[in-house]
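Take a walk through the model below. We start with a hairpin and then turn to the helices.

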There are 2 protein chains.
Amino acid sequence: MTSDNSVEMIYIHSMTAFDDSYIIRPNPQDPRLTERVSGIDQTGQKIDTSVTVERAMTIFLNGQEIVTAMTIGDYPEYLATGYLLNQHMLLPNDVVTGVDYDEELAVVVVRTKRKTNYEKKLKKKVQTSGCAQGTVFGDLMEALENVSLPKATLRTSWLYALTHKINTTPSLYLEAGAIHGCVLAQEDRPLVYMEDVGRHNAVDKIAGWMFKERVKPEDKIFYTTGRLTSEMVIKCVRMGIPILISRSGFTAWGVELARKANLTLIGRARGKRFVALAGEDRIVFDQDLAAVEEESSKHRRKAAMHDD
Amino acid sequence: MTSDNSVEMIYIHSMTAFDDSYIIRPNPQDPRLTERVSGIDQTGQKIDTSVTVERAMTIFLNGQEIVTAMTIGDYPEYLATGYLLNQHMLLPNDVVTGVDYDEELAVVVVRTKRKTNYEKKLKKKVQTSGCAQGTVFGDLMEALENVSLPKATLRTSWLYALTHKINTTPSLYLEAGAIHGCVLAQEDRPLVYMEDVGRHNAVDKIAGWMFKERVKPEDKIFYTTGRLTSEMVIKCVRMGIPILISRSGFTAWGVELARKANLTLIGRARGKRFVALAGEDRIVFDQDLAAVEEESSKHRRKAAMHDD
């Protein structure tokens, strides 16, 4: 899956009882990612509860300040690299000479061999749907122009196995809520599961990881808890991943762009159910639906809290 | 509630069987807001389904292009005005001389008596959590400095009545999903219910409506389907509304800012349950919990799909 041996090492180290395919998965026990706070519940009784942290982090590309993102802060280097890639400020063939993170200053600097200047680009930002990143939209649309996503297959048996594994993986979401999750998968195996207060941060962290580890996208599947908007579709296409799955719904523009780019777009994937609105030809229906469980009430509740 | 008689007129016209307190509520039958698309379901059968539209709309303040937002496009004038207010580019005492919407060009121009120039501000944007709007964060923080939210009361009987009414109101969400909702309420009465693909757009549309109708915020309650992040808290404080309720969770920074501003912050409000993490002293526990129904499976499902 990657030419880098260090990945194989991490792979072995992260093997656990509940699933053995993760290279990176959430660490809900990391004390830096949640905070205990006191309050009251509906009966007026004092309670303690966990809430997700949210930190400002500023991304520089060489000498230029690009953006300040609000993040849980667990993978600053991947976030910075992936953000710049998905904004087309870092190019796939760029040579990254260093990524320096200063925790105290909350700053990440990505350095490239190529000289960069995105002053003009920074001036004009577009707020994309819902969870905007101030993306330069014209550029994102360009990304779709010359793209052709590879042939690939999605077996429905993989889809059901994947969503079941993802739903039962311990996560910050289950610990504190108010967070989004994205998963990079191959066949029925989740490989990298990132969470963040910004769903686009979670995508960008995966993009940054793929760049660093030189992971090829053609045989991968991308899963998100977030909606299938134009921006999510564009990011997935830009990453070169041919299949995008979500437990959430679609926007009309998301569907239109996915059809244009020949991306397989599956939404409302819960329990037995899903809807495919683009690239349906990649789907192979090999799963006996009678053997698929509906989501348990625990997962329904989980989904119910997963609402932003 | 407002000094403007026209509001009373609308109030009367929008009276319906399911609830009589709405001045503005979603119109899921509006053919401009959803699109029918074809696809396949988990059995491979062809299906037709509704998806939410998502349109680019560019906001100008006088001669200056400020931002392009992705929106369902139902209240462009309120969205533009509210966005500029919440960005502190339009000031509460500004005289708005006109708001012109050109549907074909997808442009809204807000004109003020005061000359404006926000070139410098536009240069430096901060991506706030999750659903960022590229907000100028320093300015938003300033808004919290000299704020003092008024005394107010939230009866738990209002809270349960409100959430029940909101959950049973026909909405685009129920029709097509992938959308956020915000409600401005007074006591147990929902007044204005806005939906949008961007949750911040929904907030901004309410802010724009309040500005236009000169609605006072002190005795209002703000409800959102979205998470209680720093940005949501800051927007609510800026709008001067002392009580913020969400069915979703909290971030640590959202809690911290709410405490600083003395905002009553209630999250995870579902069925009988809720958690208050700031401004608890405004809550009056007058509801007999035995009489409150848990959310029906229909509402659980509703919540479950409301996930972005």
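In the hairpin of S1(A) and S2(A), which residue takes a positive phi? It is A:Gly44, with phi near 85 degrees. Four residues lie between the strands.

This is a predicted model: local features need pLDDT of at least 70, side-chain atom pairs count only at pLDDT 80 or more, and totals for chains, interfaces and linings use all residues. Residues are numbered from 1 along each chain as its sequence is written, while chains are lettered from A and ligands numbered from 1 in the order in which they are written.

S1 covers residues 34–41 of chain A, and S2 covers residues 46–52. They pair in the antiparallel sense over seven bridges; pairing takes at least two DSSP bridges. A:Thr34 has A:Thr52 in S2(A) as its bridge partner. Strands (E, at least two residues) and helices (H or I, at least four) are DSSP runs, numbered from the N terminus.

Now the helices. H2 (residues 76–86) of chain A packs on H7(A) at about 95 degrees, their axes 6 Å apart. Axes are lines fitted to C-alpha atoms over the stretch in contact, and angles run from 0 to 180 degrees between N-to-C directions. H2(A) is therefore roughly perpendicular to H7(A), a label for angles of 65 to 115 degrees. Among the residues that meet are A:Tyr83 in H2(A) and A:Trp209 in H7(A).

H7 (residues 199–213) of chain A also holds A:Met210. A:Met210 is buried because 24 other C-beta atoms lie within 10 Å; the cut-off is 20 or more, with C-beta atoms placed from the backbone. Beyond four places in sequence, A:Met210 is in contact (C-beta atoms within 7 Å) with A:Val215, A:Pro217 and A:Met239. The C-alpha atoms of A:Met210 and A:Met239 are 9.0 Å apart, across 29 residues of chain.

Notes: A residue is buried if 20 or more other C-beta atoms lie within 10 Å of its own, exposed if 12 or fewer, and partly exposed in between; C-beta atoms are placed from the backbone. Two residues are in contact if their C-beta atoms, placed from the backbone, lie within 7 Å. Angles under 35 degrees count as roughly parallel, over 145 as roughly antiparallel, 65 to 115 as roughly perpendicular and the rest as oblique.
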